[in-house]
Each structure stands twice: as C-alpha cells, then as structure tokens.
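Hi,

Here is the structure I promised to pass on. Have a look first, and my notes follow below.

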Amino acid sequence: TDPGRALAALRDAVAAFADAELDPVQALRSALDHLIRVTAAGAGAVGVRGQDGEVRLVAERRLGGAEPISRTALADALADEDGRAVLGEPPESGSVVQGVITSILCVPVRRRGQTLAAVYLDRRGASPTFDETARDLAASFAATLALSVDLTGRLQAVETRREQAEEQARE
C-alpha cells in the first residue's frame, strides 16, 4: 500500500463525510468502502459478537462480486483478549478456499480495555499480502470507530436521562 496514495484517499474520504448527512449504518458502510479502496482489499466487514456468541456483521462490503468473508478470522479477533491486530495468512476454512482469500487483516475495535468489534479486510487471488501501512490504516479506522461507538453510547445515555427527568417532572 502506497502511503501517499493512502493519505490522499483518506483525505478525500474525510472531505466526503464533512458535509454528508448519513445515518450511522450508512456512514459505517461508506467509511468501510473507503478503507477497502485505500488498502486495496477485496472485501471488508465490521463484526461484533452477538448475544448467542456468534459473529454478527454490522457492515459488510464486497467488491466485484467477491465471495463471503471469513467469519473465523473475525471470531478469532473478537476473542483475542490482548486485542492484537492480525496480519497474515488466512485460516483453512470453506469461505477462504471458496473466496480464494490470500491475505487477511483483522483489527479489534477496542475502548477502555474491551473489544467492542473487529474490522476485517481481505485480499483475494493474485493480490499481494497486506503490509504494515494497511495495518496502520485499519488500526486508525478501528480507533476512530471505537471513539464513535463510545460517544454514541454516551449521547444515548444522556438522552435517556433527559427523557427520564422530563417524565419525572411531569409526574
């Protein structure tokens, strides 16, 4: 991944969001699209652990009709207590073989020592493996996402308290 090209694409993505009015899901999907382009990935996703323990995809984007992503890699990233970014060879699973996935990059979205989600990117076919620049870009995306999730949770808590106070004032 060329750092100059990556920074230019990141600048363009930030400019595109500056004036956009998107709901959170649309914003996440659009940001994931930009991250996929910047890192030259074939597919990407953001996953969380569902109440049943299974990986639930919050956003998934696949370019050019790519096959499904590897949920195994996402599950591993969500389960890693140390919250390490994983950059390397994909596991031998059905989706990896079917999708001809040659390189996987998973970065946990962490805030205050807890893994909230994981960002997944893959490259397929003859594409080169991910490098440290791609890992750093994905880590920056994950850190920004963690702050956004934290801020959204805080804003929802404030709104809930405001509604409760108004309800009590009416009684």
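A quick definition before anything else: I call a residue buried when its relative accessible area is under 20%, exposed when it is over 50%, and partly exposed in between (1.4 Å probe, protein chains only). Please keep in mind that this is a predicted model, where local features need pLDDT of at least 70 and side-chain atom pairs count only at pLDDT 80 or more, while totals for chains, interfaces and linings use all residues. Residues are numbered from 1 along each chain as its sequence is written, and side-chain values use heavy atoms, with hydrogens and water left out.

With that in hand, Asp122 is the residue I'd start with. It is buried, with a relative accessible area of 0%, and it lies in strand β5 (residues 114–124). Helices (H or I, at least four residues) and strands (E, at least two) are DSSP runs, numbered from the N terminus. What does the Asp122 side chain pair with? There is a polar contact of 2.7 Å to the side chain of Tyr120 and another of 2.8 Å to that of Arg124. By polar contact I mean a pair of N or O atoms within 3.5 Å; within protein, one must be able to donate a hydrogen and the other to accept it, and residues adjacent in sequence count only if both atoms are side-chain atoms. Leaving aside neighbours within four places in sequence, Asp122 is also in contact (heavy atoms within 4.5 Å) with residues including Ala41, Ile69, Ser103 and Phe130.

Now the overall layout. The protein has five helices and five strands, in the order α-α-β-β-α-β-α-β-β-α along the sequence. Of its 171 residues, 36% are buried.

Strands β4 and β5 pair in the antiparallel sense over 10 bridges (strands pair if DSSP finds at least two bridges between them), and Leu105 has Leu121 of β5 as its bridge partner. Two residues separate β4 and β5 in this hairpin, and Arg112 in the turn has a positive phi of about 55 degrees. β4 is mostly covered, with eight of its 11 residues buried. Val48 is bridged to Arg56 in β2.

On to the cores. A nonpolar core here is a set of buried Ala, Val, Leu, Ile, Met, Phe, Trp, Tyr and Cys residues joined through side-chain atoms within 4.5 Å. The largest has 24 residues, and Val46, Leu105, Val109, Val119, Leu121, Phe141 and Leu145 touch the most other members. At least two residues each come from α2 (24–39), β1, β4 (101–111), β5 and α5 (132–170), and α5 gives the largest share, seven residues. A second, separate core of 14 residues includes Leu57, Ala73, Ala77 and Tyr120.

Last, helix α3 (residues 71–79): Ala73, Leu74, Ala77 and Leu78 are buried there. They sit on the same side of α3 because they cover an arc of only 135 degrees around the axis, taken from the directions from the helix axis to the C-beta atoms. Their cover includes β1, β2, β4 and β5.

Cheers
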